[in-house]
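Visitor: I am new to this structure. Could you show it to me and take my questions one by one?

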Amino acid sequence: MSLTDAELERYARHIVLKEVGGAGQIRLRGATVAVIGAGGIGSPAIQYLAAAGLGRLIVVDDDRVDLSNLQRQTLFGGEDIGAAKVDAAARAVARLNPGVAIEARRERIHAGNAAALIDGAGVVLDGTDNFATRLAVADAALAAKIPLVSAAVGQFEGQLGVFRGWEADKPCYRCFVGTDPDRAELSCAEAGVVGAMTGIMGSLAALESMRAILGFGDDSAGRLLLVDALAFRFRTIRLPKDPGCPACG
């Protein structure tokens, strides 16, 4: 496989990076990422993965674009209000980079269908906003041995982790959060979220998806990135594997 002249020009800033190069760009072209949730985190992640020349995006979301989304979901515009998010995302990707194939799966993901919805992906990027859904996605990714990039935001804070719990020394998502899907949570509508925070975390999630495909830099699995915009602080903590975890222990 080789890159066309147009691809060489489009991705020139990637290709000059020794960690990517032409071979890495070809790997990106052959890769598939499943983005779960086309909202605040999924929106910038989709944009940057498409711009990077990813071969195929699977986008899973059952929601429609609402006026209140536009404060942070920069993939959409006023003309998309009322449209299914996956359909609006497909149109946006086609404008941004017609070389990227996109599969729009307009379904609400849950434990019963998660495995089928992520089938064929090499990386799963989860940007959903409730605990039960995140557990369903994480369990499906673990069972299929697909790296999980999980990002979350709230108000002025964000967190990001990469999970490969089938490996002996790496935690799964349940090692991190436990198993209780009924924990109390506040939605973005109730607690609020600054729009740029979702842009930061969605962009970082796209970066970690690319790291999972290309293998550049340090391995981020087993660590959690915490971002506090009010304190102007980024910090990383190590996540141990739980030997008693019912999913991967």
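Visitor: By class, how is the lining of the second largest pocket made up?
Guide: This is a predicted model, so totals for linings use all residues. The pocket has a volume of about 290 Å³, and 15 residues line it. Divided by class, the lining has 3 charged, 2 polar and 10 nonpolar residues.

Visitor: Which residues are the closest to the centre of that second largest pocket?
Guide: Its lining counts 15 residues. The closest to the centre are His14, Tyr48, Ala52, Leu207 and Met210.

Visitor: Which helix gives the most to the lining of the second largest pocket?
Guide: At least two lining residues each come from α2 (12-15), α4 (42-51) and α10 (195-214). One of these gives the most, with 4 residues: α10.

Visitor: Which helix gives the most to the lining of the largest cavity?
Guide: Two helices, α7 and α8 (173-177), each supply at least two lining residues. Among the residues of the lining are Ala138, Asp139, Ala141 and Leu142. Helix α7 spans residues 131-144. With 4 residues, the helix that gives the most is α7.

Visitor: How many residues of the largest cavity's lining are charged?
Guide: The lining includes Asp139 and Arg174. By class, the lining divides into 9 nonpolar, 1 polar and, as charged residues, 2.

Visitor: Which elements each supply at least two residues to the lining of the second largest cavity?
Guide: Ser150, Ala151 and Ala152 are among the residues that line this cavity. Gln159, Gly161, Phe163, Tyr173 and Phe176 are also in the lining. The elements that each supply at least two are β5 (148-154), β6 (157-163) and α8.

Visitor: How many charged residues are in the lining of the second largest cavity?
Guide: The lining includes Ala151, Phe176 and Leu224. By class, 6 residues are nonpolar and 3 are polar. The charged residues number none: there are no charged ones.

Visitor: Is arginine 134 buried or exposed?
Guide: Arginine 134 sits in helix α7. Its relative accessibility is 11%. The cut-off for buried is under 20%. Because 11% falls in that range, arginine 134 counts as buried.

Visitor: With which side chain does the side chain of arginine 134 make a polar contact?
Guide: Look to a residue that lines both the largest cavity and the second largest cavity. The contact is given at 3.1 Å. The partner is tyrosine 173.

Visitor: Which are the edge strands of the open sheet?
Guide: The sheet has 8 strands with mixed pairing, in the order β3-β2-β1-β4-β5-β6-β7-β8. An edge strand pairs on one side only. The two are β3 (101-105) and β8 (233-238).

Visitor: What does the twist average from one strand to the next?
Guide: The sheet is open and its order runs from β3 to β8. From one strand to the next, the twist averages 15°.

Visitor: What is the bridge partner of aspartate 228 in β8?
Guide: Strand β7 (residues 223-228) pairs with β8 over 6 bridges, in the antiparallel sense. Within β8, aspartate 228 has as its bridge partner arginine 233.

Visitor: What is the bridge partner of leucine 125 in β5?
Guide: Strand β4 (residues 123-126) and β5 run parallel, joined by 3 bridges. In β5, 5 of 7 residues are buried, so the strand is mostly covered. The partner of leucine 125 there is valine 149.

Visitor: Is lysine 145 buried or exposed?
Guide: Lysine 145 lies in the loop between α7 and β5. Though not a glycine, it has a positive phi of about 55°. Its relative accessibility is 55%, and over 50% is the cut-off. Therefore lysine 145 counts as exposed.

Visitor: What is the relative accessible area of glutamine 155?
Guide: Glutamine 155 is in the loop between β5 and β6. Its phi is positive, near 55°, in a residue other than glycine. Glutamine 155 is partly exposed, with a relative accessible area of 43%.

Definitions and conventions:
Residues numbered from 1 in each chain as written. Predicted model: local features only at pLDDT ≥ 70, side-chain atom pairs only at ≥ 80, totals over all residues. Heavy atoms only, no water. 1 Å grid on protein atoms, 1.4 Å probe; cavity = no way out; pocket = protein on both sides within 12 Å on 5 of 7 lines; lining within 4 Å. Points joined across faces, edges and corners; volume = space filled by probe spheres on them. Nonpolar A, V, L, I, M, F, W, Y, C, P; charged D, E, K, R; others polar. Buried < 20%, exposed > 50% of the residue type's maximum accessible area, 1.4 Å probe, protein only. Polar contact = N/O pair within 3.5 Å; in protein donor to acceptor, adjacent residues only side chain to side chain. Pairing = 2+ DSSP bridges. Axes fitted to C-alpha atoms, helices over the stretch in contact; angles between N-to-C directions.
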